[in-house]
Amino acid sequence: MITQQQIESIIDAVVAELQRQGLVRNERPFVPSGAGDLNLDLPDITALEYRTRAYVENVRKPDVLRALMSTTPSRIGIGHAGPRYRNIPQFIFLADHAVTQDALFKEIDPALLQQFNLFEVQTQASNRQEYLLRPDLGRKLSDTARKTLQEKCVKKPDVQIYVSDGLSAAAIEHNLRDIFPVIQQGLQQAGLKMGTPFYVKYGRVGLLNDVNSIVDAKVVVTLIGERPGLGRAEAASVYMGYRPQSDSNDADRDVVCNIFNGGTNPLEAGAYVVEYIKRMLKHQASGIKLKLIEQGISK
Ligand code: B12
């Protein structure tokens with residue numbers, strides 16, 4: 001069993017290493033028994049200067065390594081300490097992972113839904129944990145949701161749009177203000193009849209089918225939060241389909257993905273979605289079928 005003395009010497013070694021790397025600004029010697037004397041005044045290791053720094057030791061051609069690192073957001077040049085990561089890359093990884101966790105469990109800001117007049121309904125997933133474990137429940141509206149949509153939604157519109165948290169409510173908060181008005185205005189200008197927009201909590205992409213069993217739209221469109229990447233929680237997608245039915249699948253759908261400032265610009269994405277919708281209406285098809293028609297391979 002590990003003794004108290006061993007634990008203290010491990011702590012001593014970690015703090016000494018932090019001091020060596022200039023991360024502990026307090027110069028006072030570390031006294032394990034008096035934790036009150038220790039002031040770990042750490043800098044923000046998620047700042048760009050730490051992310052872009054090379055952690056490999058004794059690099060032969062630092063310029064080449066820096067150039068290589070600048071070509072990708074992937075974690076290269078992070079070095080290692082024996083078989084494990086070095087401290088800072090490890091901390092950055094943990095911080096980014098925390099962002100991912102936060103995005104998965106975050107609830108949408110109700111003020112945003114109010115701003116866009118979106119009423120809220122829920123799928124058959126009763127909480128976030130169940131939503132994550134049972135994707136099938138996120139593809140079905142709850143009984144209450146079905147009733148609410150029956151009562152509140154315009155039926156048989158040209159285009160039904162709804163918003164859903166999906167795997168990142170943060171993505172909706174980040175993009176809705178930009179993309180939603182562009183889609184609305186674009187559809188209006190094209191003279192298309194829009195359904196009543198709403199918000200679905202715990203939605204999956206396949207919910208398009210169930211929603212259309214109630215509203216009976218020609219095209220159904222959902223703005224939904226994408227699975228967050230490490231440290232990237234703000235990307236949303238628009239998935240859409242022509243007359244989705246209970247047996248429609250992803251081959252019948254189209255997606256505009258990676259929507260955020262820094263990826264697919266939300267304003268441009270909105271305009272692109274409107275063009276997509278027009279093509280779907282023109283050819284009365286979506287997904288693979290639409291592509292085959294547009295390429296003249298099928299009618
Ligand atoms: C997870 C994922 C998958 C998973 C989906 C499994 C699952 N149950 O989650 C797997 C590995 C199966 C997958 C496969 C494919 N994917 Co994928 N996928 C993703 C990823 C990483 C996240 C998607 C997400 O968060 N969706 C939101 C959540 C809430 O949706 P969900 O209901 O939980 O899951 C559904 C969607 O993810 C959907 N889906 C996933 N990929 C695709 C691709 C297309 C074209 C469509 C219509 C739907 C779709 O399938 C799931 C089941 O319905 C995105 C990357 C991104 N930046 O978005 C790429 C992404 C969406 N996929 C892409 C592609 C190309 C594919 C494939 C066509 C690859 C291939 N050549 O086989 C296949 C198609 C699969 C299909 N469903 O028909 C591209 C789409 C590019 C585009 N603009 O068309 C993306 C953007 C990745 C990329 N940057 O290239 N994918």
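Student: How many residues surround the ligand, and which are the closest?
Tutor: This is a predicted model. In it, 18 residues surround the ligand, and the closest are G166, R204, V205, R227 and D250.

Student: Which element gives the largest share of the shell around the ligand?
Tutor: Strand β6, residues 253-259, with five residues.

Student: Why are α8 and α10 called roughly parallel?
Tutor: The axes of helix α8 (residues 169-189) and helix α10 (residues 266-283) cross at roughly 30° and come within 8 Å. Angles under 35 degrees count as roughly parallel, and therefore α8 and α10 are described that way. Their crossing is right-handed.

Student: Which residues of α8 and α10 meet?
Tutor: On the α8 side they are N175, D178, I179, V182, I183, G186 and L187. On the α10 side they are P266, L267, A269, G270, A271, V273 and V274. The residues of this contact divide into ten nonpolar, three polar and one charged.

Student: What makes α10 and α11 roughly perpendicular?
Tutor: The axes of α10 and helix α11 (residues 287-294) cross at roughly 75° and come within 11 Å. The range for roughly perpendicular is 65 to 115 degrees, so α10 and α11 are placed in that class. R279, M280 and H283 in α10 meet L290, I293 and E294 in α11. By class, this contact has three nonpolar, one polar and two charged residues.

Student: How do you know where the domains of the protein lie?
Tutor: The domain assignment gives domain 1 as 4-104 and domain 2 as 107-294. Their centres, taken over C-alpha atoms, are separated by 41 Å. The contact takes six residues from domain 1 and seven residues from domain 2.

Student: What classes of residue are on the side of domain 1 that touches domain 2?
Tutor: That side divides into three nonpolar, two polar and one charged.

Definitions and conventions:
Residues are numbered from 1 along each chain as its sequence is written. This is a predicted model: local features need pLDDT of at least 70, side-chain atom pairs count only at pLDDT 80 or more; totals for chains, interfaces and linings use all residues. Axes are lines fitted to C-alpha atoms, for helices over the stretch in contact, and angles run from 0 to 180 degrees between N-to-C directions. Helices (H or I, at least four residues) and strands (E, at least two) are DSSP runs, numbered from the N terminus. Angles under 35 degrees count as roughly parallel, over 145 as roughly antiparallel, 65 to 115 as roughly perpendicular and the rest as oblique. A crossing is left-handed if the near helix is turned anticlockwise from the far one by less than a right angle, and right-handed if clockwise. Two residues are in contact if their C-beta atoms, placed from the backbone, lie within 7 Å. Ala, Val, Leu, Ile, Met, Phe, Trp, Tyr, Cys and Pro count as nonpolar, Asp, Glu, Lys and Arg as charged, and the others, Gly among them, as polar. Domain bounds come from an automatic or database domain assignment. A residue is near a molecule or strand if its C-beta atom, placed from the backbone, lies within 6 Å of it.
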